[in-house]
Amino acid sequence: NAQTVVIIGGSSGMGLATATLMSQLGYDIIIASRSKEKLDKATLAIGKGTALPLDASSEESVQEFFSSIPTFHHLVISAADLFQ
């Protein structure tokens, strides 16, 4: 079984590049972003994986997100606006 990587901010920029590479290396990927439009485009670009909405600035959204996904092995956070 492939390991699962969760990428918060995975719909563009470095997060999308990471998701694409990890997918090519055989990992199962879950990408998260606030923008459904960006998630849809990213999923098409990657070709596989799961895309879920997430507002990482909302504790409720984060709790809901992590309770809805399966066990994962790696977590990447590239959502830049979290640190403003």
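Leaving aside its neighbours within four places in sequence, with which residues is I46 in contact? In this predicted model, I46 is in contact with L16, A19, T20, S23, I29 and I31.

Helix 1 spans residues 13-24 and has 12 residues. From its first C-alpha to its last it reaches 17 Å, close to the 16 Å expected at 1.5 Å a residue. Four of its residues, G15, A19, M22 and S23, are buried. They lie on the same side of helix 1 because they cover an arc of only 100° around the axis. G13, M14 and Q24, on the other side of the helix, are exposed. The cover over the buried residues includes strand 1 (4-8), strand 2 (28-33) and helix 2 (36-46). Just after helix 1, G26 adopts a positive phi of about 100°.

The chain can next be followed through the strands. Strand 2 pairs with strand 3 (residues 50-53) in the parallel sense, over 4 bridges. Within this pairing, I31 has A51 in strand 3 as its bridge partner. Between the two strands the chain passes through helix 2, and this β-α-β crossover is right-handed.

The largest nonpolar core has 9 residues in all: V5, I7, A19, M22, I29, I31, L39, A42 and I46. Strand 1, helix 1, strand 2 and helix 2 each supply at least two residues of this core, and helix 2 gives the most, with 3 residues. A second, separate core has 8 residues, among them V6, I30, L54 and A79.

Methods: Residues are numbered from 1 along each chain as its sequence is written. This is a predicted model: local features need pLDDT of at least 70, side-chain atom pairs count only at pLDDT 80 or more; totals for chains, interfaces and linings use all residues. Side-chain values use heavy atoms; hydrogens and water are left out. The expected span of a helix is 1.5 Å times one less than its number of residues. Buried means under 20% relative accessible area, exposed over 50%, partly exposed in between (1.4 Å probe, protein chains only). The arc is that of the directions from the helix axis to the C-beta atoms. Contact means heavy atoms within 4.5 Å. Two strands pair if DSSP finds at least two bridges between them. A crossover is right-handed if, with the strands pointing away from the viewer, the path from the first strand over the helix to the second runs clockwise. A nonpolar core is a set of buried Ala, Val, Leu, Ile, Met, Phe, Trp, Tyr and Cys residues joined through side-chain atoms within 4.5 Å.
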